[in-house]
Amino acid sequence: MELKPGMSALVTGGASGIGKALCIAFAQKGLFVTVVDFSEENGREVAALVQKENKKFHRDLRVQSSIFVKCDVSNADNLAAAFEKHVQMYGGLDICINCAGIANKTLVYDDTSDGARTWRHAVNVNLVAVIDGTRIASQIMRSQKKPGVIINIGSAAGLYPMFFDPIYSATKGGVVMFTRSLVPLKRHGVRVNVLCPEFVQTDMAEQMSRKIIDSTGGYLKMEDIINGAFELIQDESKAGACLWITKRRGMEYWPTPEERRKYMVNPNKSKRMLTKNIYPSIQTPESFQKITAAVAWLERVVHTLSHNFRNATRLERVQLRLPVEPHSALVKIIYAGVNASDVNFSSGRYFSGNTKEVASRLPFDAGFEGVGIVASVGDSVNHIKVGTPVALMTFGSYAEFTQVPAKHLLPVPRPDPEVVAMLTSGLTASIGLEKAGQMASGQVVLVTAAAGGTGQFAVQLAKLAGNKVVATCGGESKAELLASLGVDRVINYRNESVKDVLKKEFPRGVDIIYESVGGEMFDLCLNALAVHGHLIVIGMISQYQGEDGWKPKNYTGLCEKILAKSQTVAGFFLVQYAHLWQDHLDKLFDLYASGKLKVSLDPKKFLGVASVPDAVEYLHSGKSVGKVVVCIDPSYGQVVAKL
């Protein structure tokens with residue numbers, strides 16, 4: 001909902017704190033405001049301030065642009081009368097803010113009274129009044145048949161226990177779950193959301209121990225709360241949403257997709273699987289082109305396994321076999337992602353067995369990731385339809401079409417190149433930092449080769465988690481990219497020594513290192529690791545393109561080093577975390593859609609399957625900035641809109 005002059009809002013608890021700030025913020029947008037509060041003196045003052053702001057938008061009004069209604073929100077008749085006065089004055093209701101709330105000074109288990117003026121009263125003000133206010137507001141909005149938004153002010157105490165006021169925590173938890181259960185109201189044009197901030201400098205918060213507030217990072221700025229409320233009002237996709245705001249982590253929606261999936265009755269039936277088919281029907285051709293790694297074909301020239309991707313692969317025309325297998329789907333690939341490890345795959349490094357055993361697998365398809373559109377499905381596939389945009393992370397994405405088990409497809413909003421970047425690169429960063437790195441907040445995180453496909457995600461996710469981020473790169477354009485992503489310290493190794501910078505500026509060491517270079521860089525990172533530090537090894541790109549390809553190295557003294565400082569050196573291979581892919585992909589989508597995550601694509605264009613070797617060599621040249629992507633079908637790539 002776009003906030004426009006002349007709209008109207010009712011705010012309970014509007015005479016102080018968050019309620020007062022929202023009243024003024026609405027006035028600065030030209031909205032008419034009813035201030036509802038028990039404090040007559042403060043309430044009339046706020047109404048006057050609103051009228052003053054409103055003069056910038058409205059002149060010669062026949063009605064007051066703001067009115068004050070004295071009200072005990074725990075009194076049902078009082079509350080109903082306040083809403084009635086608002087509608088009589090302004091003819092309807094666009095926005096309702098249920099903000100009234102009180103703390104309970106006596107711990108409930110020490111309370112010897114009947115609770116009428118203590119904990120029972122707190123329950124009535126903090127929870128019952130919110131329910132009643134939401135009920136009345138939604139009925140008004142539905143009766144006028146116009147879109148409306150209700151924001152219930154909860155608290156972070158409704159997401160985790162607050163030991164010094166269990167009643168406050170209980171009521172705010174009730175507000176959160178009540179609000180999240182009102183998603184169906186969206187069908188009637190009414191969206192109800194809940195805002196859950198940590199500590200804001202209000203009269204209520206100032207009664208609390210300063211130690212508790214400082215432990216969370218201090219007071220939030222009131223403008224953060226206003227921005228959060230406006231986001232919930234203006235974002236039409238938000239209904240039943242809970243926005244958690246903290247000093248440490250910024251704005252986050254709760255629960256995360258991963259948490260939400262835990263309680264879903266049918267967690268495997270993703271909402272994205274129900275995406276409407278927005279593409280024209282796809283005509284399935286009789287044949288398609290695809291890259292096959294280290295080709296060996298009966299009665300054809302035999303090629304040996306090689307880390308030289310161009311020499312190891314060739315373009316083949318393969319006959320399409322119909323019908324599609326019962327549990328499989330045929331996907332038209334639109335974009336495919338290029339990875340440093342493509343050369344390891346073409347040399348057979350990811351297959352077990354000796355060289356002879358690996359060679360017996362030839363020919364095999366190359367390409368780890370892609371996005372496209374479902375072209376056909378097998379008879380047993382009923383959870384996904386033709387025309388659905390999907391991502392895949394199985395071998396064979398360097399192809400115009402590929403047939404894969406339908407259970408491996410990940411439904412996505414659109415088959416865009418940004419989604420390709422979120423697959424191997426984004427998921428490796430997201431899952432790797434969480435699982436192998438055990439990332440929390442308040443740490444120092446170092447990312448090597450940070451301007452590449454996965455590094456760009458690692459630096460942003462570490463920053464969003466509330467950490468100080470250090471990143472290495474080679475070149476000014478890469479350094480500029482990293483600075484734009486919010487990196488605290490960019491080390492351009494072409495201009496300065498990574499070793500010297502880390503030693504001088506981070507003498508205590510680095511808590512988490514996300515390492516993909518290998519060789520000398522690995523040694524340097526190991527020496528820079530702090531006590532209890534985690535070094536995540538996701539690759540060793542510097543060793544992939546040697547004369548003989550990837551050769552194992554000896555790391556003498558490794559055990560002694562990590563033992564002395566209780567450090568962890570953890571390998572991370574994405575394939576072994578497939579059960580987390582959809583949850584973390586949803587998380588990346590949400591961050592990207594909300595503007596909190598940027599996706600950088602290398603500007604160099606690679607078109608068609610034939611350009612894949614060029615793209616792989618370009619990535620290994622060290623010139624790429626961001627994710628390298630091949631547009632397999634340029635005709636579709638031109639019409640696909642961005643997320």
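These legends accompany close-up views of a predicted model.

**View 1. Q460 and its surroundings.** Q460 belongs to helix α13, which covers residues 455-464. The residue is buried, because its relative accessible area is 4%. Its side chain comes to 2.7 Å from the backbone nitrogen of K598. Leaving aside residues up to four places away in sequence, Q460 touches L485, K596, L597 and K598.

**View 2. The stacked rings of F32 and Y90.** The structure holds six aromatic pairs. One of them joins F32 and Y90, with ring centres 5.3 Å apart. Their planes stand at 15 degrees, so the pair is stacked. F32 lies in strand β2 (residues 32-37), and Y90 lies in helix α3 (residues 76-90). The pair therefore ties together parts that are 58 residues apart in sequence. F32 is buried at 11% relative accessible area. Y90 is buried too, at 15%.

**View 3. The stacked rings of F572 and Y577.** The ring centres of F572 and Y577 are 4.7 Å apart. Their planes meet at 25 degrees, so this pair is stacked. F572 is buried, with a relative accessible area of 5%. Y577 is partly exposed, with a relative accessibility of 21%.

**View 4. Lysines over rings.** The charged end of K70 sits over the ring of F38, 5.3 Å from the ring centre. K604 lies over the face of Y618, and here the distance to the ring centre is 5.7 Å.

**View 5. The salt bridge of E236 and R191.** Side chains of opposite charge can pair when their charged atoms come close. The whole structure has 13 salt bridges. In one of them, E236 pairs with R191, and the closest N and O atoms are 3.5 Å apart. E236 sits in the loop between α7 (222-234) and β7 (242-246). R191 is in strand β6 (residues 190-197), and the two residues are 45 residues apart. E236 is partly exposed at 47% relative accessible area, whereas R191 is buried at 4%.

**View 6. The salt bridge of K627 and E369.** The closest N and O atoms of K627 and E369 are 2.7 Å apart. This pair links distant parts of the chain, 258 residues apart. K627 is in the loop between α19 (612-620) and β23 (629-631). E369 is in the loop between β12 (364-365) and β13 (370-377). Both residues are buried.

View 7. E496 forms a salt bridge with R489, with the closest N and O atoms 3.0 Å apart. E496 is partly exposed, at 29% relative accessible area. R489 counts as buried, at 18% relative accessibility. Salt bridges with shared partners join R489, E496 and E505 into one network.

Methods
Residues are numbered from 1 along each chain as its sequence is written. This is a predicted model: local features need pLDDT of at least 70, side-chain atom pairs count only at pLDDT 80 or more; totals for chains, interfaces and linings use all residues. Side-chain values use heavy atoms; hydrogens and water are left out. Helices (H or I, at least four residues) and strands (E, at least two) are DSSP runs, numbered from the N terminus. Buried means under 20% relative accessible area, exposed over 50%, partly exposed in between (1.4 Å probe, protein chains only). A polar contact is a pair of N or O atoms within 3.5 Å; within protein, one must be able to donate a hydrogen and the other to accept it, and residues adjacent in sequence count only if both atoms are side-chain atoms. Contact means heavy atoms within 4.5 Å. Rings of Phe, Tyr and Trp (its six-membered ring) pair if their centres lie within 6.5 Å; planes under 30 degrees apart count as stacked, over 60 as edge-to-face and the rest as tilted. A charge sits over a ring if NZ of Lys or CZ of Arg is within 6 Å of the ring centre and within 35 degrees of the ring normal. A salt bridge is a side-chain nitrogen of Lys or Arg within 4 Å of a carboxyl oxygen of Asp or Glu.
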